[in-house]
Amino acid sequence: MEVPILKQGQYLIASIQAALTDADLVQLRDALVQRVGKFRSRGVIVDVTALDVIDSFATRTLRDITRMIKLRGAETVIVGIQPEGAFSMVRLGLTLEGVATALDLEEGLAFLDRGTKGLGKETR
Amino acid sequence: MADEASVPINSDADIVAARQKGRALAAQMGFGSTDLTLIATAISELARNIVLYARRGEIVLKPAEDGQRRGMIVIARDEGPGILDIPQAMQSGYSTSGNLGLGLPGVRRLMDEFEIVSEVGKGTIVTAKKWKR
Amino acid sequence: MDKPRDQPTMTKAPVESTAALLRELVAHLRQNRTQLREEWARRITEAKLLMAMTKEEIFAEATSVYDNYVEVLETGSVEALEAYARDLSERIIPRGVETREVVGIVLLLRDVLARSLFAKYQGDFTLLNRILDAYEPAANRIANTVAVGFVQERERVIRQQQEAIRELSTPVLQVRERLLILPIIGLIDPLRARQLTEQLLRGIRTNRAKVVVIDLTGVAAMDSNVANHLVQTVEASRLLGATVIVTGLSPEIAQTLVTIGVDLMKMNTVGDLQGGIEEAERLLGYKVIPAVETDQQT
């Protein structure tokens, strides 16, 4: 299932609507990377609020997205991780190290606006 | 009372099906929201292992009972290549780069009980249980 | 025990199997069901047990327990009894029935049935002994199952209540917009640790907190299990976009964290709660006015 990607100024916002298969996640990754290049976006927000679980594959893909988009000169922030999701992730041992996270879309936009300064959520 | 379910695992779409089924059954059993996600995540990891290493298998979900405790059993079964060194598999966790491995220690941390039986050339059975608090 | 040589022949073979004896005794218990049940209910009231229940309720339960009891003697299957014991416990615990009452009534039933066996077989001491050999282990197992089932159910209820109490005492405090404080006091077990984590994460989402101060001043030490929970809490909070400042870290806890592999340099720690709050406010962009100036204003 394809994830809708919206362009908001210099940012791209990908809103995950429901559970994604591994193939869907890879497709999302490629679509984002391609569009960042096409639109010369400065930032990407991936909203995972509706993702049912964030498991090892999803985590790895989110890290890949961050890395690949960084190579295109843009920042990525993951928003919408729920308490239950965060709890499972840390129990599984997945920390999303090196990936910026914010509470929700509003915070994600604020984060991108600030650049990487201020309350940077990347793990030192 | 909650049902049993068996989800065949052949493709990555089945990974989602299995974990959604697991979540639904666990919800029926009265697990809290955090536990629902822990169970669904564990199922996702186990089902993916089946797809990646054995191509095919099944996830069986059923209620568990132990005296006064009620809970859920997740069984991940396949006839794949099997695991050669189980202790080693239980040591290695996720690495930030390269192969993530089976992530079995992680699954064990998500559930309350965890057991694995595997034979090279025959297959693997992982049994994990979660009890209602 | 010696058998007299001239013991009169009986209608049964001299050596009865336990199964045959149990069958005979079950038949006896079924035949005399009505009066034995009444006898039992009478003795329950006499012993002032189950005061929380009405006579009708006692009789209804007595009937069920009696029938279950006899069935277990007959089939040897304890599962049905376990299920019944659980069901019974779930129903009577909210009524305030105590463990000693449940144990008491089951023992009374055992006594009532034993007495009726004495009465019936008093003419043949040998047979009576054999019957008792068959009856006693079965009866004791039943008493055990019901009592243990009751106690376990009670413990489960108590745990649930404790959990509910813990949930109610929400320790997550919002002191300013976007700033939460989680003061931790006393001994933390893994269960409590997990509960605190869940409450904190939900608090972060509800309050849209950007900074959390976890104060450990009130905690002298923690084992590595709980220390792991702490680390996980910090990491999980970050995933929700919140920065965590840990304050009041005692040297012991710092040592435990180092032992489990935490790089304290990477953890945002401040000596005391006040300092932690100031750091939090700084991160949030609040201007901190030193105390001296405020005094001057009053």
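**View 1. Contact between chain A and chain B in the predicted model.** Across this interface, 19 residues of chain A are in contact with 23 residues of chain B, two residues being in contact if their C-beta atoms, placed from the backbone, lie within 7 Å. On the side of chain A that touches chain B, the elements giving two or more residues are α1 (22-39), α2 (56-71) and α3 (83-92) of chain A. The contribution of α3(A), six residues, is the most that any element gives to this side. By class, the side of chain A that touches chain B holds seven nonpolar, five polar and seven charged residues; Ala, Val, Leu, Ile, Met, Phe, Trp, Tyr, Cys and Pro count as nonpolar, Asp, Glu, Lys and Arg as charged, and the others, Gly among them, as polar. The model is predicted, so local features need pLDDT of at least 70 and side-chain atom pairs count only at pLDDT 80 or more, while totals for chains, interfaces and linings use all residues. Residues are numbered from 1 along each chain as its sequence is written, and chains are lettered from A and ligands numbered from 1 in the order in which they are written.

**View 2. Chain A as a whole.** Four helices and five strands make up chain A, and along the sequence they follow the pattern β-β-α-β-α-β-α-β-α. Helices (H or I, at least four residues) and strands (E, at least two) are DSSP runs, numbered from the N terminus. Taken along the principal axes, the C-alpha atoms of chain A fill a box of roughly 35 × 35 × 25 Å. Of the 124 residues of chain A, 49% are buried, that is, have 20 or more other C-beta atoms within 10 Å of their own, with C-beta atoms placed from the backbone.

**View 3. The sheet of chain A.** Five strands form an open sheet with mixed pairing, in the order β1-β2-β3-β4-β5 (chain A); strands pair if DSSP finds at least two bridges between them. The edges are β1 (5-8) and β5 (100-102) of chain A, each with a single partner strand, so one side of each has no neighbour in the sheet. Neighbouring strands of this sheet are turned by 25 degrees against each other on average, direction ignored. Strands β2 (residues 11-15) and β3 (residues 43-47) of chain A run parallel and are joined by five bridges. Ser15(A) has Asp47(A) in β3(A) as its bridge partner. Helix α1(A) packs on the sheet and touches β1, β2 and β3 of chain A, its direction making about 160 degrees with that of β2(A). Axes are lines fitted to C-alpha atoms, for helices over the stretch in contact, and angles run from 0 to 180 degrees between N-to-C directions.

**View 4. The hairpin of chain C.** Strands β1 (residues 173-176) and β2 (residues 179-185) of chain C pair in the antiparallel sense over three bridges. Arg176(C) stands opposite Leu179(C) in β2(C). Two residues lie between the strands of this hairpin, and Arg178(C) takes a positive phi near 70 degrees.

View 5. Strand β4 (residues 243-247) of chain C pairs with β5(C) in the parallel sense over two bridges. Thr269(C) in β5(C) is the bridge partner of Val246(C).

Terms used
Buried ≥ 20, exposed ≤ 12 C-beta atoms within 10 Å, placed from the backbone.
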